[in-house]
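Reader: I would like to see how the labels in this model follow from their cut-offs. Please take them one at a time.

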Amino acid sequence: MHRVGSAGNNGNSNRPRKEKKLRYVLRDTDDTKHCAGINCLAVLKSSVSDGCNYLFSGSRDGTLKRWALDEDAATCSATFESHVDWVNDTVIAGDTTLVSCSSDTTLKTWNCFSDGTCTSTLRQHSDYVTCLAAAEKNTNVVASGGLGGEVFVWDIEAAVTPLSKSSDVMEDDCSNGTNGSANSLSISSLRTVSSSNSIAAHTTQCHGYVPIAAKGHKESVYALAMNDSGSLLVSGGTEKVVRVWDPRTGSKTMKLRGHTDNIRALLLDSTGRYCLSGSSDSMIRLWDLGQQRCVHSYAVHTDSVWALASTPTFSHVYSGGRDLSLYLTDLTTRESLLLCTKEHPILQLALHDDSIWVATTDSSVDRWPAEGRNPQKVFQRGGSFLAGNLSFSRARVSLEGSAPTPVYKEPIFTIPGTPAIVQHEILNNKRHVLTKDSAGSVKLWEITRGVVIEDYGQVSFDEKKEQLFEMVSIPAWFTVDTRLGSLSVHLDTPQCFYAEMYSADLNIIGKPEDDKVNLARETLKGLLAHWMTKRRQRLGSQASVNGNVLSGKDITSRSIANSRIEVDGNAENDSMVYPSFEFSTVSPPSIITEGSQGGPWRKKITELDGTEDEKDFPGWVLDCVLCNKLPSRDNTKCSFYLHPCEGSAVQILTQGKLSAPRILRIHKVVNYVIEKLEKPSDNANSDGTFSPGLGGRLQHSAVVDGSFRSGLKPWQKPRPSIEILCNNQVLSPDMSLATVRAYVWKKPEDLVLNYRVIQGR
C-alpha cells in the first residue's frame, strides 16, 4: 500500500538532499462529487427547528464535502481540500469545528460553515492517522489514533491558537520534527504514559502546544471512542484487545480481552459504562467497564465488522462491514434484523433521526430508513433472528442457505459519486493515459492539459490499448497513480525534464516547426499560469506602493549556487502558455507539493493567490517557471554512425560518430546526407560542427537541428532520393532516432544507420 512518507528529522543525515516532488490530480467532472470510497461521515444538526442540517463526508479521494440536507436530496455546498492522501475519519468538535485525519499523517481543522479553507494542520503522528473520537459535551477534546501505535488527546482550541509571533516561527522551524526525537525543538514537556505507566518527557512540535500521548499500544490503532464528558477513552486495533484510558492524563485504566482478530469499530455510551466493539473476527461484543468484562457477544455478521452506530439510549446497535450487510440488533433481547444489503463493503455509519447514512468503498452515500428513535417499529415487521454468541454460528446459517431477507430494498435517496479510476496505462507518446473506471468506462486523457480527449464508453481496455499503440519512443518524464480514485501525475526532477518534442508535433503556431519544447517545463507553466498572473499583480501593486522594485528577496533572484542549472537554449523567458498545455479552469487540477517549510499541501490551481513562494513550492519548480532554468540533462542526445549500405556505390561521408537530439527525425538525416553528397569536397558542415577526432577520424560533435536547414524543399513534398536503413529495414522519414533505437536497432551499442540512393530516381 502506498504510503505518504511522514516528516522525519534529517538533521544528521549525510545523504544528498532529495528534491521535493510535485504532483497534480486530474478530474474530468465538476467538484461536487466524490470519486473514491467514503471512509467517514459526520452529521451536524441545526440548533433551530427550521435550520439546515448538514452531512460531512470524507473520502479516499483526499477531500471532505459538506452536504446541505433536504428531505429527499442533498446538495454539495463546500469541498474541503488540503489533505494529500485518504481522509480516514472526521468528527465535529463543538458547533463549528470540523476535525479530519488522513493517511498523510496529519489532522486538520476546518470551520464547518466556511468555503473549505483549512484553519490549521496538526502534525504529531509518525504514520497514517486512522481514527478520531470527540467528547460531545467537552467540545475541545478530540483523540486521534494511527498505524504507528500512537494515541494522542488534543485540546483543539489550544492546538490551533498560536501563543505568540515567536511561537509561529518555532512552528515553522519544528514542523518537520519527529515525535520524541532527541534533536526536536523542545518548547514544553508533557506527561506521557508508557507501557509501564511511567511518566516520560515528550518533546513538542508546534508553537508550544503538545497533545497528551496515551502510550501503551505496541501495534496499529484502528478504532477510538470517547464518552460525552471526555473522561474516558477506549482504543482498539491489531492487538485484539480493548484498552481503556483516562484521556485527561494519558494513563491506562484497564485492558479487555475477548476478540480473536483486529478491532475495527468502537462505541461508548454517554456515561462511559458500556462499550461496544466490532472486530474482524465477525463478532460484536458488549463490555461492562465497571465489571471489566464482556457481558454479551453477538454473532450477526459473516465477515469483518467495520462500522457501528447506536441509538441515543444505547439500546440497539446498527452494524455493517465486509459482508455488505447492515444489521440492527437489540442489545438486550439479542434479536437482530437485516436492514439492507449493499454492493460494496460498509465502511461507516451515521445515524440521523429516523434514518441512517451508509458509507462504503463506493463513491456514493446512501440514506436508509432506520427508525432510530423507535427501533422496535422495525422489529414489528418480522424477519428477525436471534444472534448467537459464537462467531461461526451466523456463517454456518449463511452456508446452509437460510440467510435473512432484507427489510428494505431501496434507500430513501442516494448522494451519487463518480466512479473511481481502477486501471491505467501510459501510452508511448508519453502525453496520453488510458484509464478504466469502476463502472467499466474507458477514457483517454491528455495529461499536458488535464482533460479527457476521448470517452470510449464500456469497451475492452486491453483491446483499446492495442489500438492506440504507436511506435514512438519518448523518455518517461512522469509517473501516474490512481490511489485517490483519479489520475495523479507525479513530476520529479531531473527526470521530468528529459522529454522534448518539436513544436510542429504539438501543433504550436507561431514557433519554428523544429523548435524543441520541453514537456515538463510547459506543463508546469500551464499549471502555474493562474499563480503567475496573481503573483505579477501582487508584485506590481507592492512595487507601486513602495515606489521601487522589490528587494533581492524576490523569487526571481533565487540563489541557485547549490544546484547545477542551465538555461534552456530555446527558452524565450516568457510566460506564454501554449494551447497544448492550457489546463481547464472548469475542472481545474489540484497541485500536491511541498516547499522548505510546513509539509505537503494540496490546492486547486485556480485557488493559488500568488503569495506562495519557496516555503510552499520546491525550488526546482520556481527555477523552471520563473527563470526558465532547467537542471542539466545528460540523456537528450543520441550517438550514431552513418555509413553507406553494404555494396552501395555511394561515397562514404564520414567515419566518425555523430550526435543529435533523441527526437531528431529521420527526414533530417536524409537532408543531411543529400547536403553532404552535393558538397563532396567539404569536410565540415557550413556551421563548422565537424572537428578532427582522435587517430585522424572525423567526429561530429553535434548534429543540431539548424545544420539541416539547407534550403531544400520540405521533405513532405518531393520524395527524397536517399533512404535511411537500420538493420536492413527502411526507416520512415518521421521516425525519431530514439524510436529507431528502441524498436529497430534494439541493442545497447551506438546506433548504426545506413543510407543508399533510391533506385529508379
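Author: A charge sits over a ring if NZ of Lys or CZ of Arg is within 6 Å of the ring centre and within 35 degrees of the ring normal. This is a predicted model, in which local features need pLDDT of at least 70 and side-chain atom pairs count only at pLDDT 80 or more, while totals for chains, interfaces and linings use all residues. Residues are numbered from 1 along each chain as its sequence is written, and side-chain values use heavy atoms, with hydrogens and water left out.

Reader: What makes Arg264 a charge over the face of Tyr222?

Author: Arg264 is at 4.7 Å from the ring centre of Tyr222 and lies over its face. Likewise, Lys747 lies over the face of Trp745, at 4.4 Å from the ring centre.

Reader: Why is the pair of Tyr54 and Phe113 called edge-to-face?

Author: Rings of Phe, Tyr and Trp (its six-membered ring) pair if their centres lie within 6.5 Å; planes under 30 degrees apart count as stacked, over 60 as edge-to-face and the rest as tilted. By this rule there are 13 aromatic pairs. For Tyr54 and Phe113 the centres are 5.8 Å apart and the planes make 70°, so the pair is edge-to-face. Ring pairs also link Phe56, Phe80 and Trp110 into a cluster.

Reader: What does the pair of Tyr54 and Phe113 tie together?

Author: Strands are DSSP runs of E with at least two residues, and helices are runs of H or I with at least four, numbered from the N terminus. Tyr54 lies in strand S3 (residues 53-59) and Phe113 in the loop between strand S8 (106-111) and strand S9 (118-123), so the pair ties together parts 59 residues apart in sequence.

Reader: Is Tyr54 buried or exposed?

Author: Buried means under 20% relative accessible area, exposed over 50%, and partly exposed in between (1.4 Å probe, protein chains only). Tyr54 has 18% relative accessibility and therefore counts as buried. Phe113, at 42%, is partly exposed.

Reader: How do you know that strand S7 pairs with S8?

Author: Two strands pair if DSSP finds at least two bridges between them. Strand S7 (residues 97-102) and S8 are antiparallel and joined by five bridges, so they pair. Cys101 has Leu107 in S8 as its bridge partner.

Reader: What makes S6 and S9 edge strands?

Author: The open sheet of four strands has the order S6-S7-S8-S9, with antiparallel pairing. Strand S6 (87-93) and S9 each pair on one side only.
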